[in-house]
Amino acid sequence: MTRIAEDPRYAHTDGPFPPQSQEEQPGQTDATRPTPDHGEQSYVGHGRLAGRRALITGGDSGIGRAVAIAFAREGADVAIVHMPEEQEDADDTLGLVRDAGRKGLSLSGDVRDEQFATDAVVEARRALGGLDVLVLNAAYQHDVGGFANLKTEDMRRVFDTNLAGLMYSARAAYPSMEPGASIIVTASIQAAEPSPGLIDYAMTKAAQVAFVKALAQEAGTRGIRVNAVAPGPIWTPLIPSTGWDEEKVAQFGSDTPLGRAGQPAELAGAYVYLASAESSYTSGAVLAVTGGKAL
């Protein structure tokens, strides 16, 4: 019998993941085992974003890196925002963007800083000659370990990164975006199926969905589309640096219908679709990439 397609249950590493932890976020790609697949060897572009100019927050590693690679190979110039301590990961990502023959720009700072978040958008627009696609992907999560143990400083970092940082970046970009532009938010299955150990993170992801649905109504009158991708369990440096025990990391993603965690490369196509003209009638949508978990 001719095999038509790869079995999605075994398309990537299916775990269990080896025991590991990273003490602080942001996690580092070279300390994550196995190394996440961002599509370095597999993603093939077809010119679907030719001439587009994109800014990706949290674009140095994980989902952000996969999106940067895909966008560049589809013909877009790419600027990425990243934390200063992620410069090595950012340089690797930009190397892949430039290998695709596209312009790449690194913007180092913290989106919780309103001035930086605003200035990064201005600089990306200046350096790239405009801004057609804004991917709001920067995020922070941590294991709460029981609601009574939720620390105010951790909660504030989650809220300020996932909500305030998103709003600062979007607000700076929105006024100058032209018809045909696209805003894409990295939401999460946590918006619909919240875990107690990620209670503050899940709250921000639900708020991001509300942001997408509300802004899509206003932006549509200007010809700008606003959508979200809602990943399920995806293997990125965020996971071993969340604070979970070794057993939880080892079994990460095994509870999905496909029986495994996803890889960043498996989300790239969703972002390309939402950034391209192929999704010209899609706005206010939340596209689930969850390994079969219901959104």
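This is a predicted model: local features need pLDDT of at least 70, side-chain atom pairs count only at pLDDT 80 or more; totals for chains, interfaces and linings use all residues.
Visitor: How is a pair of aromatic rings described?
Guide: A ring pair is described by two values, the distance of the centres and the angle of the planes.

Visitor: How many aromatic pairs does this model have?
Guide: The count comes to two. Take phenylalanine 17 and tryptophan 235. Their ring centres are 3.8 Å apart and their planes are at 5 degrees, so this pair is stacked. Planes under 30 degrees apart count as stacked.

Visitor: Where do phenylalanine 17 and tryptophan 235 lie in the chain?
Guide: Phenylalanine 17 is in the segment before β1 (53-57), and tryptophan 235 is in the loop between β6 (225-231) and α6 (246-250). The two residues are 218 apart in sequence, so the pair ties together those parts.

Visitor: Are phenylalanine 17 and tryptophan 235 buried or exposed?
Guide: Both phenylalanine 17 and tryptophan 235 are buried.

Visitor: What about the pair of tryptophan 235 and phenylalanine 252?
Guide: Here the centres are 6.3 Å apart and the planes are at 50 degrees, so the pair is tilted. This pair also links distant parts of the chain, with phenylalanine 252 in the loop between α6 and α7 (265-275). Tryptophan 235 and phenylalanine 252 are 17 residues apart. Phenylalanine 252 is buried, as is tryptophan 235.

Visitor: Which rings have an arginine over them?
Guide: Look at tyrosine 140 and tyrosine 174. Arginine 157 lies over the face of tyrosine 140, 4.1 Å from the ring centre. Over the ring of tyrosine 174 sits the charged end of arginine 222, at 4.4 Å from the centre.

Visitor: Now the sheet. What is the order of its strands?
Guide: The order is β3-β2-β1-β4-β5-β6-β7. These seven strands form an open sheet with parallel pairing.

Visitor: Which strands stand at the edges?
Guide: They are β3 (104-108) and β7 (286-289). Each has a single partner strand, so one side of each lacks a neighbour in the sheet. On average, neighbouring strands are turned by 15 degrees against each other, direction ignored.

Visitor: How many bridges join β1 to β4?
Guide: Three bridges join β1 to β4 (residues 133-136), and the two strands run parallel. Alanine 54 stands opposite valine 133 in β4.

Visitor: Which strands does helix α3 touch?
Guide: Helix α3 (residues 114-128) packs on the sheet and touches β1, β2 (77-82) and β3. The direction of α3 makes about 165 degrees with that of β3.

Definitions and conventions
Residues are numbered from 1 along each chain as its sequence is written. Side-chain values use heavy atoms; hydrogens and water are left out. Rings of Phe, Tyr and Trp (its six-membered ring) pair if their centres lie within 6.5 Å; planes under 30 degrees apart count as stacked, over 60 as edge-to-face and the rest as tilted. Helices (H or I, at least four residues) and strands (E, at least two) are DSSP runs, numbered from the N terminus. Buried means under 20% relative accessible area, exposed over 50%, partly exposed in between (1.4 Å probe, protein chains only). A charge sits over a ring if NZ of Lys or CZ of Arg is within 6 Å of the ring centre and within 35 degrees of the ring normal. Two strands pair if DSSP finds at least two bridges between them. Axes are lines fitted to C-alpha atoms, for helices over the stretch in contact, and angles run from 0 to 180 degrees between N-to-C directions. Contact means heavy atoms within 4.5 Å.
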